[in-house]
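Dear colleague,

Please find below the structure that I am handing over to you.

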Amino acid sequence: MLCLQLDSEQVDLRARLRNPQEKVMYTLVSVPDGNDISSIFELDPTTLRGGDSLVPRNSYVRLRHLCTNTWVHSTNHPIDKEEEKPVMLRIGTSALKEDKEAFAIVPVSPAEVRDLDFANDASKVLASIAGKLEKGTITQNERRYIVVILVLSAFFTSSMLAPNPYQNVVPLCCYNSLHSSG
């Protein structure tokens with residue numbers, strides 16, 4: 001989920017926006033809790049629609065943050081400054097509403113949604129188990145489960161790289177290294 005936080009970098013805020021007359025008031029940040037009211041954005045179609053009608057697919061919308069009543073804008077401020085050629089730019093909001101800062105509403109295939117769900121869920125499980133490994137509180141069943149998650153993740157990653165989804169790109173061998181003592 002995305003939410004807004006007050007822009008903590010107060011250095012030359014005007015230079016970040018593509019329109020230098022406006023200041024970035026907030027920046028978008030990732031938050032783990034999707035129930036936070038500050039993560040609610042409203043879609044504002046760029047074409048006139050009647051009342052509260054639905055926004056059609058393949059149309060363009062502006063995003064308005066509900067709590068701050070500010071509009072999402074792109075900036076010229078890179079997030080990945082340490083890279084040789086930065087490509088990711090910070091997203092911020094300001095009071096200025098512009099049509100050129102619109103986002104496309106496009107359909108997403110069920111397979112892509114499934115892949116994103118798998119990656120998100122696997123990431124959460126791996127983070128949780130990594131914490132237990134560090135503390136030394138992992139159970140035998142969790143060890144078995146993590147092997148399954150890692151194997152699935154390896155197949156998932158290698159299938160993303162394969163030109164033919166039925167071809168193995170990365171040779172993968174799984175050895176049962178879990179021995180029960182007892």
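The notes below cover the conventions, the overall fold, the confidence, the strand pairing and the salt bridges.

This is a predicted model, in which local features need pLDDT of at least 70 and side-chain atom pairs count only at pLDDT 80 or more, while totals for chains, interfaces and linings use all residues. Residues are numbered from 1 along each chain as its sequence is written, and side-chain values use heavy atoms, with hydrogens and water left out.

Overall fold

The protein contains seven strands and two helices; helices (H or I, at least four residues) and strands (E, at least two) are DSSP runs, numbered from the N terminus. Their order along the sequence is β-β-β-β-β-β-β-α-α. The protein has 182 residues, of which 25% count as buried; buried means under 20% relative accessible area, exposed over 50%, and partly exposed in between (1.4 Å probe, protein chains only). Among contacts (heavy atoms within 4.5 Å) with a separation of 6 or more, 58% are between residues 24 or more positions apart.

Confidence

The mean pLDDT (the predictor's confidence in each residue, from 0 to 100) of the protein is 75, and 68% of the residues reach 70 or more. Confidence is highest in helix H1 (residues 110-135), with a mean of 89, and lowest in strand S1 (residues 2-6), with a mean of 53. Over residues 10-18, pLDDT stays under 50, and the model has 28 contacts beyond four places in sequence for this stretch. Where pLDDT is low, the predicted coordinates should not be read in detail.

Strand pairing around S5

Strand S5 (residues 70-78) is mostly covered, with seven of its nine residues buried. Strands pair if DSSP finds at least two bridges between them. Strand S4 (residues 60-65) runs antiparallel to S5 and is joined to it by two bridges; Arg64 has Trp71 in S5 as its bridge partner. The hairpin of S4 and S5 has four residues between the strands, and Asn69 there takes a positive phi near 55 degrees. S5 also pairs with strand S6 (residues 89-94), in the antiparallel sense over five bridges, and Ser74 stands opposite Ile91 in S6.

Salt bridges

The structure holds six salt bridges, each being a side-chain nitrogen of Lys or Arg within 4 Å of a carboxyl oxygen of Asp or Glu. In one of the pairs, Arg64 meets Glu42 at 3.0 Å, N to O. This pair links distant parts of the chain, with Arg64 in strand S4 and Glu42 in strand S3 (residues 41-45), 22 residues apart. Arg64 counts as buried at 14% relative accessibility, whereas Glu42 is partly exposed at 37%.

Another salt bridge joins Asp115 and Arg114, whose closest N and O atoms are 3.1 Å apart. Asp115 is buried at 19% relative accessibility, and Arg114 is exposed at 53%.

Glu142 and Lys132 also form a salt bridge, with their closest N and O atoms 2.4 Å apart. Glu142 lies in helix H2 (residues 140-161) and Lys132 in helix H1, so the pair ties together parts 10 residues apart in sequence. Glu142 is buried at 16% relative accessibility, and Lys132 is partly exposed at 28%.

Yours sincerely
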